[in-house]
Structures are given as structure tokens and as C-alpha cells.
Amino acid sequence: MAQKILVVEDEMSIQTLLQFNLEQAGYEVVTADDGAEALEKVELDKPNCIILDLMLPEMDGLEVCKELRSRHIFTPVLMLTAKDDEFDKVLGLELGADDYMTKPFSPREVVARVKAILRRIKQLEGMKSSTTEEGERIQVGELDVYPNNYEAYFQGELMEVTPKEFELLVYLVRHKGRVLTREQLLSAVWNYDFVGDTRIVDVHVSHLREKIEQNTRKPEYIKTIRGLGYKLEGPST
Ligand code: CA
């Protein structure tokens, strides 16, 4: 069955261009012209990935993203932003977008990015369905991560994380006690050259901290190693 992509864009020329290219690549495409329609289509069509334009009439891409996450919908979101809109990019990631692309982009580039997102989701899901038993379990302090089941628990409670947050968490716990640079995390978790924009790592780390740290200013699990990067370890007793 073809994977379904929801394209949310009010500019018809771009919407059509993306639809055409994604269909050429074998995807089923659903479109929405504004945020409200996007939210309806997400519930109705259950897309595998959402391409979400930031600049939309009325409800903008950031609000859509925020609304999705507040409804506990963790479909990966590729956000389209205007050129040099640094503030919005970071905010978009903070509100739960998995990735972003800057306009103008080549449709081929967008298709490649969607493919990369879906491939990683599929890998995760493949691992999940192929394991009948519990599989690998990594425990750090009160954190329990089951990479194969695509589940993480903190203090016994299932954590709600986006696919990227989960991948980052798995990478961190697998390398616990080791200092990892932002560049290292970027290439390991995001898998492609991000032209040195390592803030995406910082944003995802801060999301994880909100979920597992008592005091995000004095993190006990994910420590900042000044000038180097991050290190995950168990809280000292
Ligand atoms: Ca637009």
C-alpha cells in the first residue's frame, strides 16, 4: 500500500508541484489549503508524513503543529519555512516539527527528505513488529528504553515523544556515559548534512529534558558538556 503524504500549502502552484512530484515518486497525496482543513485531514486520512507550510492563512503552520502535538498525534512533520526565517525554524522545531526545509526548494529535495523521514519511521516500526518478545531494554536511572518496541518509560510512565525525540533518546542511552558532540548527534540521528545548524539538537534535547528532568536547569540525566556537547548518565545517588 502506498504511503500517504498530507501536503498543507495555500499557494496552489507549490501545492500542485509537490503533489505531482510526490505522486511521481509513488506516494498517495492528500492536500489541505489551510490549518483547519489540515487537522481534519490528519484525523480522517491518517497520513504517514505531513508537509506543512509555515505561512498559512488564519492558523499558521506553528499553530497546526502545536495543535497536532496537543492532540497526541505524532505524525512526522516536515515544515516549509521562508528563507532566512531563523526564528520561525527554531520555534517550529520547538513546537514539534521533526524537520524543516527552506523555500525556495527543489521538489526533488523535498521528496528525498520525505523518503528519509519515512525510511526511518519504517525501520523503527519494522523493529517493533518483528519482535514478539520484549527485546532490548536499556535502563538508566528511572528511565527505561525499549528500542525495538519503540517505547520509553520514565518512572514507569510511557513517555510521549516524537519519532526524532525517540531516536535521539535511544542514541543517548546507547552511548550513556560518553560525551557526544552536537555534530555527532546530528549525523547519527538526523542522518544528513544539516549545514551546521546544530540548534536542532539543542531543541530536541530540551524537549527530552522537559520529560525526564526534575529541574531542567540542573539536569541529572542529559548533561551539557560545555564546549563539547551532551552526555547522558544516570542521576548520581
Ligand atoms: Ca503559504
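Modeller: Helices α6 and α8 are roughly perpendicular to each other, a label for angles of 65 to 115 degrees, with under 35 roughly parallel, over 145 roughly antiparallel and the rest oblique. Their axes cross at roughly 80 degrees and come within 10 Å, α8 being residues 199-212. Axes are lines fitted to C-alpha atoms, for helices over the stretch in contact, and the angles run from 0 to 180 degrees between N-to-C directions. Helices (H or I, at least four residues) and strands (E, at least two) are DSSP runs, numbered from the N terminus.

Biologist: Before we go on, what kind of model is this?

Modeller: This is a predicted model, in which local features need pLDDT of at least 70 and side-chain atom pairs count only at pLDDT 80 or more, while totals for chains, interfaces and linings use all residues. Residues are numbered from 1 along each chain as its sequence is written, and side-chain values use heavy atoms, with hydrogens and water left out.

Biologist: Fine. Which residues of α6 and α8 meet?

Modeller: From α6 there are Lys164, Glu165, Leu168, Leu169 and Leu172, which meet His204, Val205, His207, Leu208 and Lys211 of α8, where contact means heavy atoms within 4.5 Å. By class, the residues of this contact divide into five nonpolar, two polar and three charged; Ala, Val, Leu, Ile, Met, Phe, Trp, Tyr, Cys and Pro count as nonpolar, Asp, Glu, Lys and Arg as charged, and the others, Gly among them, as polar.

Biologist: And at what angle do α6 and α7 pack?

Modeller: Helix α6 (residues 163-174) and helix α7 (residues 182-190) have axes 10 Å apart and pack at about 120 degrees, and are therefore oblique to each other. The contact involves Lys164, Glu167, Leu168, Tyr171 and Leu172 on the α6 side, with Leu185, Ala188, Val189 and Trp190 on the α7 side. In this contact of α6 with α7 there are seven nonpolar residues, no polar ones and two charged ones.

Biologist: Switching to the metal, what coordinates the calcium ion?

Modeller: The donors to the calcium ion are Glu9 (OE), Asp10 (OD), Asp53 (OD) and Met55 (O), at 2.1 to 2.7 Å. Donors are N, O and S atoms within 2.8 Å of the metal (3.2 Å for Na, K and Ca), and since water is not among the atoms, sites may look incomplete. Glu9 lies in the loop between β1 (4-8) and α1 (12-24) and Asp53 in strand β3, so this pair ties together parts that are 44 residues apart in sequence.

Biologist: Are Glu9 and Asp53 buried or exposed?

Modeller: Both Glu9 and Asp53 are buried, meaning under 20% relative accessible area, whereas exposed is over 50% and partly exposed is in between (1.4 Å probe, protein chains only).

Biologist: Now the backbone: which residues does the cis peptide bond join?

Modeller: The cis bond joins Lys103 and Pro104, with omega about -5 degrees, and Pro104 sits in the loop between β5 (99-102) and α5 (107-130).

Biologist: What is the phi of Glu58, and where is Glu58 placed?

Modeller: Phi of Glu58 is positive, about 60 degrees, although Glu58 is not a glycine. Glu58 is in the loop between β3 (49-53) and α3 (61-70), and is exposed, with a relative accessible area of 82%. Tyr150, also other than glycine, has a positive phi near 60 degrees; Tyr150 lies in the loop between β7 (143-146) and β8 (151-154) and is partly exposed at 21% relative accessible area.
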